[in-house]
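Trainee: I'm new to this one. Could you show me how to read a few of its features?

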Amino acid sequence: MSATDEFHQRVISDAGAAVRGLTVALGERLGLYRALAEAGPLTPAALAGRAAISPRYAEEWLHAQLSAGYVERDPGAGTYALPADHVPVLADPGAVTFAAGFFTALKALYATEDLLVDAYRTGDGVGWAEHDPALDTGMGSFFQPAYEHRLVPDWLPALEGVTAKLAAGGTVADVGCGVGHTTLLIAKAFPEATVHGFDYSEEAIAIARQLADEAGLGDRVVFEVAAADDYPGSGYDLVTFFNALHDMGDPVAAAQHVHKSLDAEGTWMLVESNVSPEDIDTQTPAARMFMALSAVMCLPVAVAQRGPHALGNHSGEQAFRAIAGEAGFTRWRRATETPVNAVYEVRP
């Protein structure tokens, strides 16, 4: 096979993955993976009955999953099963490896194609608010498993003295909180702490308030619509940014506001993508994901704010550290990391 033919097959494979993503979103939204995990192996008719969908569509969806290697089939019995090793990735939202939720964001991302065409031609941006609310929930689902499993047991303890302050009733500002997953995790873990969540997306804040009420935390956690450079309050013991700074048009102004809002002994917890400009050539799964997201979401969102910077999600530690220094911070430390996220401890 020629090099051109090999590359052609790779692109066809990527095209198949792009379309398959929609079938994954359907499987997540309709509970098809969960039905297979809980009751499989199942025939198409049995899956349709459990999930309350059309049997013909159930059969076609299963064929797509089989061709992708996501499910297995017993030809003799006519049943399909979700392998045990695939359950934590596709059917268990509580698992650290859960990834199916991300695909529900495709509805929002693909819908902005025309806006992106115009943005690429004019140099303008595509603001977060121009996306369907599915982007909030889908991206929240993408990062949530790591937050669920790492934030309280690993990341916060990696910061000097922070957990003791929160246990004693410290104050927290979770900036760019989205739908509030991280905000609520902190509030649950530290019932004496005062926790605020801020985001400039009205849709995200509305969802966050609903989730807080459902979790019984509506009277303890305050969610407000506010930008990163003007959120209210001062003297915070902890300010957190979870994968948000790179989306901001003026990250220096945001960092300066953090510096202003922190207690003199407070901590800025900056969580960012664990990729850098050097990773453009690595083609690891995480790098390929982040580079693509930056081109269609992160960079356009930052450009839309018409600020002095448009970082993209792989600007790297050196760029973030320079921004912190320009804002007046004097102490910087990479506290911990995962293959996807880097956690920085930034102090005045």
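This is a predicted model: local features need pLDDT of at least 70, side-chain atom pairs count only at pLDDT 80 or more; totals for chains, interfaces and linings use all residues.

Trainee: Is A52 buried or exposed?

Mentor: A52 has 70% relative accessibility, so A52 counts as exposed. You'll find A52 in the loop between α3 and α4.

Trainee: What should I look for in the backbone there?

Mentor: Most residues other than glycine have a negative phi, and most peptide bonds are trans. A52 isn't a glycine, yet its phi is positive, near 60°. N243, also not a glycine, has a positive phi of about 50°. N243 sits in the loop between β6 and α12, and with 8% relative accessibility N243 counts as buried.

Trainee: Which peptide bond is cis?

Mentor: The one from G40 to P41, where omega is near 0°. P41 belongs to the loop between α2 and α3.

Trainee: How do I read a pair of packed helices?

Mentor: Two packed helices are described by the angle between their axes and the distance between the axes. Take α8 (residues 134-155) and α13 (residues 285-304): the angle is about 160°, and the axes are 15 Å apart. The two helices are therefore roughly antiparallel.

Trainee: Which residues make the contact?

Mentor: From α8 come L135, M139, F142 and F143, and from α13 come M289, F290, L293 and M297. By class, that contact has eight nonpolar residues, with no polar and no charged ones.

Terms used:
Residues are numbered from 1 along each chain as its sequence is written. Side-chain values use heavy atoms; hydrogens and water are left out. Axes are lines fitted to C-alpha atoms, for helices over the stretch in contact, and angles run from 0 to 180 degrees between N-to-C directions. Helices (H or I, at least four residues) and strands (E, at least two) are DSSP runs, numbered from the N terminus. Angles under 35 degrees count as roughly parallel, over 145 as roughly antiparallel, 65 to 115 as roughly perpendicular and the rest as oblique. Contact means heavy atoms within 4.5 Å. Ala, Val, Leu, Ile, Met, Phe, Trp, Tyr, Cys and Pro count as nonpolar, Asp, Glu, Lys and Arg as charged, and the others, Gly among them, as polar. Buried means under 20% relative accessible area, exposed over 50%, partly exposed in between (1.4 Å probe, protein chains only).
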